[in-house]
Amino acid sequence: MNRLVIVESPAKARTIKKFLPDSYRVEASMGHIRDLPASAAEIPEKFKKEKWARLGVNVNDKFEPIYVVAPSKKKIVKELKIALESADELLIATDEDREGESIGWHLLEVLKPAIPVRRMVFHEITKSAIQKALDNTRDLNRSLVEAQETRRILDRLVGYSLSPLLWRKVAPRLSAGRVQSVAVRLTVLRESERILFIPASYWGITAELNIHGSKFQAVMTHLGDLKLAVGSDFDDNTGRLKETLTEGKDCVILGEKRARSLSNSLIEQKWVVTDVDKRSMTRSPYPPFITSTLQQEASRKLRLSARDTMRVAQKLYEQGLITYMRTDSIILSDEALKGCRDAIKKRYGADYLSPSTRVFKNKSRNAQEAHEAIRPAGTTMSTVEELGLTGDDGALYELIWKRTVASQMADAKLNLVTVKIEAGASEDRSVFRANGRTIQFPGFFRAYIEGSDDPDAALDDRELQLPEMSVSDSPEPGSLIAGGHETKPPARYTDASLIKVLEREGIGRPSTYASIIDTIVQRGYTRRKGSQLIPTLTAFATNNLLEQQFPNLIDIGFTAEMEQVLDDIADGKVKAIPYLEKFFNGEQGLEAKIEEGLDKIDAKEVSSIRFEKWKPYTVRVGKFGPYVEQQSSDEINSGERIVASIPEDVAPSDITAELLKGYIEDKLKDDVVLGIHPSAQVPILLKKGPFGYYVQLGDDETEAKPKRISLPKTIRPEDVTHEIGISLLELPRVLGQHPETSNDIEANIGRYGPYVKHGSTFASLTAEDDVLTVGYDRAMELIAKKAQRNKPLRTLGNHPESGEPVDVFDGRYGPYVKHQRLNASLPKDRAPEAITLEEAVDLLAKRAASKGKGRKKKKKKSQGG
């Protein structure tokens with residue numbers, strides 16, 4: 001009997017094929033083979049005149065979705081139908097979560113198989129797991145499909161209904177999403193806290209003491225009977241003590257003068273130990289990883305974004321190295337528990353094994369999407385060295401291995417000691433505290449310490465030994481250091497901290513965290529700076545509109561309830577259609593709120609961002625980006641509106657009234673006349689635009705389209721002379737002719753800065769090169785290097801579908817593979833010389849599947865120009 005097995009990706013297909021007999025044929029669907037229409041062109045002709053057609057969902061008839069096979073998937077569908085013709089049985093082997101169930105349902109709806117169909121599910125790709133899945137097949141779970149389809153419809157209704165409103169009231173090309181808008185709101189609220197934050201200053205004293213020949217440090221905690229105020233005692237919004245604290249009664253704020261005075265006087269006083277508190281503490285290991293905790297730890301330890309973490313985890317899963325990576329279950333199978341305990345005995349010894357098997361209880365309200373936590377696949381718990389993994393693959397696998405193994409190790413036992421020491425008398429009596437910590441038994445610390453890359457080094461860091469002391473001992477003061485401190489604003493969200501909040505509040509599900517963050521970055525609502533997620537001013541304006549008109553949609557509780565409804569639909573407890581009807585068509589439904597918003601929302605007001613510390617300026621988001629607005633105060637232009645663009649990379653909490661004033665003043669500065677051009681006989685002007693300074697030939701009023709040349713970063717505006725202006729306007733410079741083609745070699749300044757070119761080969765100048773003086777030989781050197789980069793490093797072979805070559809290139813942003821006009825970047829851990837044709841075809845297929853999902857950013861223009 002011939003059997004056809006359909007999975008999502010070629011990599012997964014290759015791994016599964018190894019464990020199946022020859023009578024099984026494995027094909028990849030490349031994810032979903034159909035979806036809601038992505039554009040008006042994809043809407044079937046018979047629906048185009050319907051009012052609801054742009055939504056892709058018939059909101060007037062049981063929310064029936066329009067599903068279409070995308071042009072890029074038609075060839076795949078054709079190939080699957082051909083493969084189906086020679087099969088006697090079809091097995092759907094897509095991932096075991098709702099998304100996988102939905103992909104399987106779409107396959108059946110499109111392929112319409114006339115042969116028996118079975119659903120096989122597994123959470124790891126090993127021989128035993130695949131065989132078990134074959135022996136325990138089931139029917140497609142229609143409740144899971146309905147939950148996923150309801151999620152898809154909800155997302156489409158919210159996105160396609162709200163986005164046009166944002167275009168009309170805030171700025172073009174914006175988008176909103178059911179869950180992404182809540183994530184944006186969280187980042188905006190945190191940034192607002194940073195804007196409102198007022199720092200508080202306080203001082204402290206650190207003493208270096210010596211007893212029995214050993215040195216140790218102690219920190220001042222009290223002056224007399226009053227504790228010293230520390231950062232947590234101050235209100236972030238006032239910079240003063242919190243309302244629950246009274247200075248002189250509950251605490252004392254140590255100032256610089258008093259701190260320095262005390263440090264000078266106490267050095268001469270006798271120091272006495274007044275209390276020694278010794279205690280022991282036991283630490284138990286964390287449970288194995290679920291999706292959210294893996295993303296958080298990979299962000300902290302490996303500096304991987306949530307998206308990159310899931311990309312690497314997907315690869316490891318498809319290679320059969322880890323279990324399924326989208327899960328909120330912390331349970332380990334009996335086989336995994338045995339494998340863990342065997343690995344612990346072998347690697348660390350029996351003493352490091354927990355006395356009995358640790359069983360962790362799921363905390364998630366719906367931990368059903370997969371059977372197990374994320375762990376190494378199989379039962380042998382192979383190490384990263386044994387598997388030969390390197391790069392991000394190796395680092396993430398090792399993280400998973402350590403966390404899994406540590407979960408079955410013995411508790412760590414610590415000894416803690418706190419020593420109180422007093423010095424001085426009367427009003428100078430000061431209390432200091434020294435803390436010590438030693439590890440009596442490391443237990444699971446030997447394998448895994450959260451937030452640390454090297455457990456052995458972290459063990460040393462966690463030990464802070466104090467010399468043995470008793471009450472009445474008198475340590476000798478070595479030095480006292482008075483130091484000033486200032487409270488810090490709340491930290492911005494990172495991938496890790498935002499995922500932690502989303503998970504805690506029940507927003508989204510394991511499979512969605514990475515895409516939520518990826519979406520708010522790609523759509524310009526946040527930008528990355530290191531690990532920080534910084535909301536843009538556009539995010540503030542968008543949040544203003546949503547808070548005013550759609551408070552429910554961005555309410556954390558409401559969104560979490562919506563997720564629970566989807567869970568209930570998956571469990572068969574709730575029907576989707578009545579819920580969608582109330583959500584969209586109800587009296588206070590989405591459609592009614594949209595119509596109300598079109599009339600009610602004041603576009604100018606909702607796009608305005610105001611904070612007390614920015615007065616007298618108002619920040620707004622307009623058609624061409626963010627800008628600052630001020631009403632003119634001079635007598636001649638009284639009441640005139642003055643605006644100036646704000647650079648898009650400025651963080652909102654970094655904006656001050658002084659900075660806004662600078663943008664306005666720069667805008668009001670007169671253009672600098674450098675002189676008269678000798679041949680054109682018109683002025684040469686130095687001007688400033690939204691993208692920096694530039695030189696212009698003639699003015700805007702007398703010249704229809706005056707020539708403009710950007711000022712290179714190597715030339716400061718104040719250094720631009722008449723001669724430099726002439727030289728810039730004479731660009732491009734011809735440096736000579738290429739010896740092989742006789743075509744000109746030119747130097748010029750373009751959109752991305754200074755460059756030299758020959759034909760269609762452009763080579764950027766370096767910071768050391770000057771576009772006005774770069775010579776022929778240097779230009780030829782740069783062009784030769786660029787031309788070499790335009791040649792493939794390797795040709796991997798011909799693509800199995802087109803028969804055309806697949807090449808590896810070294811690009812501006814790193815190595816990539818190319819087939820026809822399609823490019824796909826190589827993963828960080830894959831060297832160009834190591835990539836295979838199969839891997840390249842897989843990368844190109846994934847790139848083709850995702851192509852077109854992003855949006856082009858519109859060029860920013862100056863406001864009010």
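**Exercise 1.** Classify tryptophan 105 as buried or exposed from its relative accessibility.

*Solution.* Step 1: tryptophan 105 has a relative accessibility of 13%. Step 2: buried means under 20% relative accessible area, exposed means over 50%, and partly exposed lies in between (1.4 Å probe, protein chains only). Step 3: tryptophan 105 therefore counts as buried. Tyrosine 67, with a relative accessible area of 16%, is buried as well.

The model is predicted, so local features need pLDDT of at least 70 and side-chain atom pairs count only at pLDDT 80 or more, while totals for chains, interfaces and linings use all residues. Residues are numbered from 1 along each chain as its sequence is written, and side-chain values use heavy atoms, with hydrogens and water left out.

**Exercise 2.** State how many aromatic pairs the model holds, and determine the geometry of the pair formed by tyrosine 67 and tryptophan 105.

*Solution.* Step 1: rings of Phe, Tyr and Trp (its six-membered ring) pair if their centres lie within 6.5 Å; planes under 30 degrees apart count as stacked, over 60 as edge-to-face and the rest as tilted. Step 2: the count under this rule is 14 aromatic pairs. Step 3: for tyrosine 67 and tryptophan 105 the ring centres are 6.1 Å apart and the planes stand at 75°, so this pair is edge-to-face. Step 4: the two residues are 38 residues apart and link distant parts of the chain, with tyrosine 67 in the loop between β4 (64-65) and α2 (74-85) and tryptophan 105 in helix α3 (residues 98-111). Helices (H or I, at least four residues) and strands (E, at least two) are DSSP runs numbered from the N terminus.

**Exercise 3.** Identify the residue that lies over the face of tyrosine 160.

*Solution.* Step 1: a charge sits over a ring if NZ of Lys or CZ of Arg is within 6 Å of the ring centre and within 35 degrees of the ring normal. Step 2: arginine 156 lies over tyrosine 160, 3.9 Å from the ring centre.

**Exercise 4.** Describe the backbone at methionine 381 and at glutamine 681.

*Solution.* Step 1: methionine 381, although not a glycine, has a positive phi of about 50°. This residue lies in the loop between α10 and α11 and is buried at 2% relative accessibility. Step 2: glutamine 681, likewise a residue other than glycine, has a positive phi near 60°. Glutamine 681 belongs to the loop between β21 (672-676) and β22 (683-689) and is exposed at 56%.

**Exercise 5.** Locate lysine 828, and list the residues that it touches beyond four places in sequence.

*Solution.* Step 1: lysine 828 is in the loop between β32 (822-825) and α24 (837-850) and is exposed at 65% relative accessibility. Step 2: with contact taken as heavy atoms within 4.5 Å, lysine 828 touches Asp308 and Asp392, not counting residues up to four places away in sequence. Step 3: lysine 828 and glycine 391 are 437 residues apart in sequence, yet 7.3 Å apart in space, C-alpha to C-alpha.
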